[in-house]
Amino acid sequence: MADEILNRYRESIDNIDAALIFMLAERFKITKAVGEHKAATGLPPADPGREQIQIDRLRALAKSANLDPDFSEKFLRFVIDEVIHHHRRAGADG
Ligand SMILES: C=C(O[C@@H]1C=C(C(=O)O)C=C[C@H]1O)C(=O)O
C-alpha cells in the first residue's frame, strides 16, 4: 500500500536536494572564475585565512539554525577542498 505521508516527506526531500544541486552549481561557477583570476594573477589556490573566517561564520549560523556545527564544518571543508583541487588544476593548466 502506498504510504502517502512518506511520499509527501520524500517530495520535499527531493525538492531540497534539487535546490542544493542548483546552489552548488552556482557556487562552482563563481569559484571557477576565482580560480581563473588567481591563475592569471599568480595568487595561490588556497587561502586558509579566508577559509577560517568562512568556517567560523558557518559554525555560528549552523548553531542558530539547530544544525550540528561539526557537520556544517565538514560539509564546507569538503566543498572547499574540491574548489582548491580545481584551482590547482587551473593554475597548472595555465
Ligand atoms: C574561492 C576561493 O578560493 C579557495 C576556496 C574557497 C571556497 O571555496 O570558499 C575559499 C578560500 C580559498 O581557499 C577564494 O580565495 O575566495
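How many residues in the lining of the largest pocket are nonpolar, how many are polar and how many are charged?

Author: The lining of the largest pocket divides into 12 nonpolar, 2 polar and 3 charged residues; here Ala, Val, Leu, Ile, Met, Phe, Trp, Tyr, Cys and Pro count as nonpolar, Asp, Glu, Lys and Arg as charged, and the others, Gly among them, as polar. This is a predicted model, in which local features need pLDDT of at least 70 and side-chain atom pairs count only at pLDDT 80 or more, while totals for chains, interfaces and linings use all residues. Residues are numbered from 1 along each chain as its sequence is written, and side-chain values use heavy atoms, with hydrogens and water left out.

The largest pocket has a volume of about 540 Å³ (the space filled by probe spheres set on grid points joined across faces, edges and corners). Its lining comprises 17 residues, and Leu58, Leu67, Ser72, Phe75 and Leu76 are the closest to its centre. A pocket is an open set of points on a 1 Å grid over the protein atoms alone, where a 1.4 Å probe fits, with protein on both sides within 12 Å along at least five of seven lines; lining residues have an atom within 4 Å of a point. Helix 2 gives the most to the lining of the largest pocket, with 6 residues; helices are DSSP runs (H or I, at least four residues) numbered from the N terminus.

The second largest pocket has a volume of about 330 Å³. Of the 17 residues that line this second pocket, Val34, Lys38, Arg50, Gln54 and His87 are the closest to its centre. Helix 1 provides the largest share of that lining, 5 residues. By class, the lining of the second largest pocket has 9 nonpolar, 3 polar and 5 charged residues.

The ligand takes the space of the second largest pocket (more than half of its atoms lie within 2 Å of the grid points). Around the ligand are 13 residues, of which Arg27, Lys38, Asp47, Glu51 and Gln54 are the closest; a residue is near if one of its heavy atoms lies within 4 Å. The shell around the ligand has 6 nonpolar, 2 polar and 5 charged residues. Helix 1 (4-41), helix 2 (48-64) and helix 3 (69-93) each supply at least two residues of this shell, and helix 3 gives the most, with 4 residues.

Polar contacts (pairs of N or O atoms within 3.5 Å) complete the picture. An oxygen atom of the ligand is 2.7 Å from an N or O atom in the side chain of lysine 38. For arginine 27, an oxygen atom of the ligand is 2.8 Å from a side-chain N or O atom, and for glutamine 54 the separation from a ligand oxygen atom to a side-chain N or O atom is 2.8 Å. The protein covers 89% of the 360 Å² of accessible area that the ligand has on its own (Shrake-Rupley method, 1.4 Å probe).

Technical notes: A polar contact is a pair of N or O atoms within 3.5 Å; within protein, one must be able to donate a hydrogen and the other to accept it, and residues adjacent in sequence count only if both atoms are side-chain atoms.
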